[in-house]
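Subject: Structure handover

Hello,

Here is the structure for your files. My notes on it follow below.

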Amino acid sequence: MVVSISCTVIMVALFISSLSEYLTTSTMSQMLIDDSSSEAKLKIIFSIEFPSVPCDLIYMDSRDLIGFAAEDLQNDISRKRMVNGVVQSRERWMRNEGVTYEDVKVKIKKGEGCFIEGSTMVNKVPGNVHFSMHNEKVAAIAQRLSAEGVRVNFAHKIVHFSFGSHEHQAKSIQKKYPEIDLFPLEGTSMNEDIRLPIAYQYYLNVVRTVVEMSGKPVELYQYTISKSYGLTHDMPALFFKYEMSPLYVRYEIKQKSIWHFIVNVCAIIGGVYTAFSILDAIIYSSVSKIFKSRIGKLS
């Protein structure tokens with residue numbers, strides 16, 4: 001009875017250990033020179049809250065080192081009004097070219113802000129995307145507001161900011177393997193409570209990242225951040241300045257095969273059963289000899 005219980009306990013313990021090993025994945029990483037094509041475009045996906053700036057004042061522009069420039073980007077971008085920090089999800093904002101100083105002043109006093117989300121394609125060269133009030137008409141409105149002491153604050157919260165086209169796969173990998181940090185800007189807030197114009201700048205070093213799972217590679221992008229902000233003689237703005245790393249990271253995520261697990265379980269059952277069968281035979285033989293010896297002495 002004792003032998004059977006001990007056999008069962010050891011077998012269960014070894015099975016749990018083998019199951020834990022099977023369920024645990026190993027992650028190997030390498031940093032290599034990136035010789036991939038630089039001609040392909042790179043997608044930037046973002047969601048940003050501006051709780052104190054009406055959508056009428058915010059223009060999104062893009063520029064890069066090879067001379068590409070795009071102003072007032074609107075394709076694949078959605079803007080929604082915020083009121084006292086709450087997104088009005090049912091109302092999609094549309095640009096009104098006839099907006100006036102009085103319109104904007106009323107919106108600011110009501111606590112209206114702007115939630116901007118969407119995506120844009122950029123070249124794989126150093127460049128920036130930025131949100132600002134550099135449009136001539138909007139700049140004139142902002143200057144008049146400033147002259148009257150009405151504050152335009154580019155405080156913001158970055159809800160999401162990522163590179164690459166595989167957003168859903170990236171989120172799944174980030175959740176399952178937190179050591180692969182794909183969204184370091186997510187949740188970042190900047191709110192300097194002063195009345196002077198501030199330029200917020202994020203410097204992003206983008207690293208192409210290949211995650212290989214079960215032999216299937218997925219191309220993602222990590223990035224490191226440094227940031228700064230300071231007073232500007234121009235209009236307040238928010239800049240994301242990026243450059244591509246000449247290196248890329250390759251992650252290989254491995255998991256033990258089901259056949260390896262089955263072989264281990266069979267080996268555990270067979271090994272433990274054999275070992276305890278031998279032990280049981282030895283104990284039985286020893287007890288039998290002792291019992292016969294005692295009977296012989298009594299007789």
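pLDDT is the predictor's confidence in each residue, from 0 to 100. Over the chain the average is 79, with 71% of the residues scoring at least 70.

This is a predicted model, in which local features need pLDDT of at least 70 and side-chain atom pairs count only at pLDDT 80 or more, while totals for chains, interfaces and linings use all residues. Residues are numbered from 1 along each chain as its sequence is written, and side-chain values use heavy atoms, with hydrogens and water left out.

The chain has five helices and 13 strands (DSSP runs numbered from the N terminus: helices are H or I of at least four residues, strands E of at least two). Of its 299 residues, 40% are buried (under 20% relative accessible area; exposed is over 50%, partly exposed in between; 1.4 Å probe, protein chains only).

There is one disulfide (a pair of cysteine sulfur atoms within 2.5 Å). It joins Cys55 and Cys114, with the sulfur atoms 2.0 Å apart. Cys55 is in the loop between β2 and β3 (59-64) and Cys114 in strand β7 (residues 112-123), so the link ties together parts 59 residues apart in sequence. Both Cys55 and Cys114 are buried.

The whole structure holds six salt bridges (a side-chain nitrogen of Lys or Arg within 4 Å of a carboxyl oxygen of Asp or Glu). Among them is the pair of Arg208 and Asp34, whose closest N and O atoms are 3.1 Å apart. Arg208 sits in strand β11 (residues 198-213) and Asp34 in the loop between β1 and β2, so this pair ties together parts 174 residues apart in sequence. Arg208 and Asp34 are both buried.

Another salt bridge pairs Lys107 with Asp56 (2.7 Å, N to O). Lys107 is in helix α2 (residues 101-109) and Asp56 in the loop between β2 and β3, 51 residues apart. Asp56 counts as buried, at 3% relative accessibility.

Glu212 and Arg250 form a further one, with closest N and O atoms 3.0 Å apart. Glu212 lies in strand β11 and Arg250 in strand β13 (residues 237-255), so parts 38 residues apart in sequence are tied together. Salt bridges that share partners also join Asp34, Arg208 and Glu219 into one network.

Regards
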